[in-house]
Amino acid sequence: MRLSHRIQNITGGGSDGWDLFNRARAMIAQGQKITELTIGEHDIGTHPDILEAMHRAATGGHTGYAAVPGTPELRRIVADRVARRTGVATGPENVLITPGGQSALFAAHHAVLDEADTGLIIDPFYATYPGTIRSLGARPHPVPTVAENGFRPTADALAAAAAETGARSLLINTPNNPTGAVYDRATLQAIAGVCAEQDLWLISDEVYDTQVWAGAHLSPRALPGMAERTLVVGSMSKSHAMTGSRCGWVVGPAEVIERLVDLSTNTTYGVPGYIQDASAFALRQGEEMERQIAAPFRRRRQIVLDALAGQGAVGALPAQGAMYTMLDIRATGMTGESFAEALLDAEAIAVMPGESFGRSAAGHLRIAMTVADEALADAMARLCRFAALQAARR
Ligand code: PMP
């Protein structure tokens, strides 16, 4: 039987970038010990207090269909949080609760792209971005960046790409996966300027907004004139170590959220009530809990920088945010892919090749700082030694 072109084209026909990750997992399944620095998932579980709140909600009866746009309580708490952080008036009518940030990314693009429309993304990009846009029958168009500019987009490159493709939307992500960049005010103002000039919707993925190590997180929703053309994507996954609970949101103009409720009604039918109650509980705990959950990554970012000091084979952009560091291995003359494959075989360390995230990260590796401090320090020392050997062989 024939399948739709759209469903067959989600990965764009190429690799989905997870080959190395899958090979490492297969090795683990065969009993090998591998240090996995691949996936962006905390090495701790969800806080017991949040689980307790989930249990209370479920045993208290919140197990039936929940309100499709999100419970009034959670929509209100998310709205208040966004208003506090951006200074922009935000109410429950501006919030749609979704099953995770990924579903929010899909919904946001669904709201603004028609079939065959172009959505701009910044290269390097989080692995699902192109597939999210393709699954709507639309076209992802990567805008290249360079390591030397901190992988931040320039207004000229964005404007040229928008003009060339007639794009309708631009997706940005700060703090950034995979690069660890946090966009400063000037970068965001430049982005906002291009969006206004080229009449683009801005989709702002802010799922790492509690993980900032240098500079400050600024949501473009806070910039003059941007709230009406910005859809913010948020999530409980990273801020509260709730990846498996699947709870996120889209924040945007009320007219957009109203239409997105139609989408939820006909796709997900909302998020389980006990998950929403647990998320509301977690957000009510305030910033102290968020700081605690982010603390290991702040520590490990420094461990990575310490490991890199005093050697020349591996460079890095010091992570300004998120749970990743991008390592530059161009001094070895290898591609990110060939280095990652060789490192897995020689040292039993799994890292993501930069090429998994687009062309701009070629010759780089993304490490997720998601293993215990000592294991990370050990893996970094071995990775640097391995890189030095490769560089010496050139
Ligand atoms: N955006 C980015 C940049 C991410 O890294 C992730 C998860 N790794 C997501 C969105 C989606 O997260 P979730 O669906 O768990 O909220």
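This is a predicted model: local features need pLDDT of at least 70, side-chain atom pairs count only at pLDDT 80 or more; totals for chains, interfaces and linings use all residues.
H7 itself spans residues 155-165, and Leu 158, Ala 161 and Ala 162 are its buried residues. These three cover an arc of only 100 degrees around the axis, and therefore they sit on the same side of H7.

Turn to the other side of H7 and you will find Asp 156, Ala 163 and Glu 164, which are exposed. Just beyond the end of the helix comes Gly 166, with a positive phi of about 65 degrees.

Is Glu 115 buried or exposed? Its relative accessibility is 56%, and exposed means over 50%, so Glu 115 counts as exposed. Leaving out residues up to four places away in sequence, Glu 115 touches Arg 6, Leu 136 and Gly 137.

Apart from residues up to four places away in sequence, Pro 99 touches Arg 246, Cys 247, Gly 248, Thr 268, Gly 270 and Val 271.

Helix H9 covers residues 254-265 and contains Asp 262. Asp 262 is partly exposed, at 36% relative accessibility. Asp 262 and Val 68 are 194 residues apart in sequence, with a C-alpha to C-alpha distance of 9.2 Å.

## A buried threonine in a loop

Where does Thr 243 lie? Its place is the loop between strand E7 (230-235) and strand E8 (248-251). With a relative accessible area of 18%, Thr 243 falls under the 20% limit and is therefore buried. Setting aside neighbours within four places in sequence, Thr 243 is in contact with Glu 41, His 42 and Ser 237.

Helix H2 (residues 19-29) has Leu 20, Phe 21, Ala 24 and Met 27 as its buried residues. They span an arc of only 125 degrees around the axis, so they lie on the same side of H2. Their cover includes strand E1 (35-37), helix H12 (336-347) and strand E11 (349-353). After H2 comes Gly 31, whose phi is positive, near 100 degrees.

How does H2 lie against H12? The axes of these helices come within 11 Å and cross at roughly 10 degrees. Angles under 35 degrees count as roughly parallel, and so H2 is roughly parallel to H12. On the H2 side, Leu 20, Arg 23, Ala 24 and Met 27 make the contact; on the H12 side, Ala 340, Glu 341, Leu 344 and Asp 345 do. By class, the residues in this contact of H2 with H12 are five nonpolar, no polar and three charged. Leu 20, Ala 24 and Met 27, which take part in the contact, are also among the buried residues of H2.

## H11 against H13

Another helix pair is formed by H11 (residues 287-308) and H13 (residues 373-392), which pack at an angle of about 25 degrees with their axes 9 Å apart. H11 and H13 are therefore roughly parallel to each other. Their crossing is right-handed.

H11 brings Arg 299, Arg 300, Ile 303, Val 304, Ala 307 and Leu 308 to the contact, and H13 brings Asp 373, Leu 376, Ala 377, Met 380 and Cys 384. Sorted by class, the contact of H11 with H13 holds eight nonpolar, no polar and three charged residues.

Definitions and conventions: Residues are numbered from 1 along each chain as its sequence is written. Side-chain values use heavy atoms; hydrogens and water are left out. Axes are lines fitted to C-alpha atoms, for helices over the stretch in contact, and angles run from 0 to 180 degrees between N-to-C directions. Helices (H or I, at least four residues) and strands (E, at least two) are DSSP runs, numbered from the N terminus. Angles under 35 degrees count as roughly parallel, over 145 as roughly antiparallel, 65 to 115 as roughly perpendicular and the rest as oblique. A crossing is left-handed if the near helix is turned anticlockwise from the far one by less than a right angle, and right-handed if clockwise. Contact means heavy atoms within 4.5 Å. Ala, Val, Leu, Ile, Met, Phe, Trp, Tyr, Cys and Pro count as nonpolar, Asp, Glu, Lys and Arg as charged, and the others, Gly among them, as polar. Buried means under 20% relative accessible area, exposed over 50%, partly exposed in between (1.4 Å probe, protein chains only). The arc is that of the directions from the helix axis to the C-beta atoms.
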